[in-house]
Amino acid sequence: MGREGDEEERESKEEDEDDFHTVDDDEEEEDDDDEELETEAVKSEKWKKYYSSKQRILLVGEGDFSFSLCLARAFGSAHNLVATSLDYQEHIAKKYSNGIGNVRELEERGCLVLYGVDAKEMSQHFFLRTQRFDRIVYNFPHVGFLFRENSYCQIQLNKRLVKGFLKNAKVLLRKEGGEIHVTHKEGDPYNKWELVKKAEKIGLVLHQVMPFRKNDYPGYDNKRAHGNLSDASFPLGDS
Ligand SMILES: C[S@@+](CC[C@H](N)C(=O)[O-])C[C@H]1O[C@@H](n2cnc3c(N)ncnc32)[C@H](O)[C@@H]1O
């Protein structure tokens with residue numbers, strides 16, 4: 001399934017509680033808490049738009065991890081999520097005002113966060129290659145502003161990223177009912193990425209094209225992720 005948005009002007013919590021435990025009690029209680037959260041997520045299915053707490057979801061190319069955190073908060077647990085970024089923690093700290101806070105909350109909620117994951121090679125990743133997912137999501141793939149957005153070189157680089165992502169995602173997808181979701185902007189030059197054609201060439205089938213509305217994902221802050229304005233959002237236009 002592909003979801004379309006647009007991207008031309010890319011340039012363009014916690015409660016206080018007094019608790020008194022011994023260290024051992026703490027550890028046992030943590031294990032119990034984890035199990036409870038896991039069973040809770042499976043027992044009472046929760047939905048956030050297209051995503052369910054029962055699905056095992058891999059998030060790729062995260063910026064400040066706010067999309068992953070939105071799902072984790074909606075599900076009440078993040079044990080079913082693996083959230084990844086190409087960046088390492090030190091870069092996330094430099095690029096995004098909320099990045100480290102978001103990662104911390106995700107981990108507290110049980111999400112596995114992986115750094116330095118290249119979408120074009122992720123099927124070879126030492127951990128990911130042992131896993132299979134119901135949903136693999138990459139919102140607004142983009143290599144960064146190396147050339148002008150509509151120049152041949154920039155388009156080629158973005159095409160290579162998207163193709164590499166799709167190839168690798170296909171390997172990590174569960175055969176039964178698995179879906180890859182790519183959110184991207186519409187119009188020129190994004191239609192030149194030939195996303196659907198690329199997907200079909202590697203044996204994927206377009207299931208649906210759905211509008212993407214940022215408001216459906218409270219807390220999600222789409223990030224430019226590159227350059228001096230990496231912490232800034234970009235307009236999504238008709239999405
Ligand atoms: C426009 S940003 C979107 C970030 C985030 N998905 C969001 O919606 O806010 C593009 C993202 O793609 C990531 N990226 C670029 N090349 C990548 C690659 N080869 N593998 C994984 N991520 C990549 C960048 O680090 C950046 O986070």
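Helices (H or I, at least four residues) and strands (E, at least two) are DSSP runs, numbered from the N terminus. Residues are numbered from 1 along each chain as its sequence is written. This is a predicted model, in which local features need pLDDT of at least 70 and side-chain atom pairs count only at pLDDT 80 or more, whereas totals for chains, interfaces and linings use all residues.

**View 1. The protein chain as a whole, with six helices and nine strands.** The mean pLDDT (the predictor's confidence in each residue, from 0 to 100) of the protein chain is 86, and 81% of its residues reach 70 or more. Over residues 1-27 pLDDT stays under 50, and for this stretch the model has 54 contacts beyond four places in sequence, two residues being in contact if their C-beta atoms, placed from the backbone, lie within 7 Å. Where pLDDT is low, the predicted coordinates should not be read in detail. Of the 239 residues of the protein chain, 36% count as buried; a residue is buried if 20 or more other C-beta atoms lie within 10 Å of its own, exposed if 12 or fewer, and partly exposed in between, with C-beta atoms placed from the backbone.

**View 2. Leu69 in helix H2.** Leu69 counts as buried because it has 28 C-beta neighbours inside 10 Å. Leaving aside neighbours within four places in sequence, Leu69 is in contact with Asn102, Glu105, Leu106 and Gly219. Leu69 and Asn102 are 33 residues apart in sequence, yet their C-alpha atoms are 6.6 Å apart in space.

**View 3. The buried residues of helix H4 (residues 99-108).** Gly99, Asn102, Val103 and Leu106 are the buried residues in H4. Seen down the axis of H4, they fall within an arc of 100° and so line one face of the helix, the arc being that of the directions from the helix axis to the C-beta atoms. Their cover includes helix H2 (66-75), strand E5 (81-84), helix H3 (89-95) and strand E6 (112-114). H4 is followed by Gly110, which has a positive phi near 100°.

**View 4. The largest nonpolar core, with 45 residues.** Such a core is a set of buried Ala, Val, Leu, Ile, Met, Phe, Trp, Tyr and Cys residues joined through C-beta atoms within 7 Å. Val60, Leu81, Leu106 and Ile136 have the most contacts inside this core. Among the elements that each supply at least two of its residues are strand E4 (57-60), H4, strand E7 (135-139) and helix H5 (152-172). Beyond four places in sequence, Leu81 is in contact with Ile57, Leu59, Ser68, Leu71, Ala72 and Cys111.

**View 5. The loop between E8 and H6, which holds Trp193.** Trp193 counts as buried because it has 21 C-beta neighbours inside 10 Å, and, leaving aside neighbours within four places in sequence, it is in contact with Ile155, Asn158, Lys159 and Val162. Glu194 lies in this loop too; its phi is positive, near 50°, although Glu194 is a residue other than glycine, and with 15 other C-beta atoms within 10 Å Glu194 is partly exposed. Pro189, also placed in the loop between E8 and H6, is joined to Asp188 by a cis peptide bond with omega about 5°. Most residues other than glycine have a negative phi, and most peptide bonds are trans.
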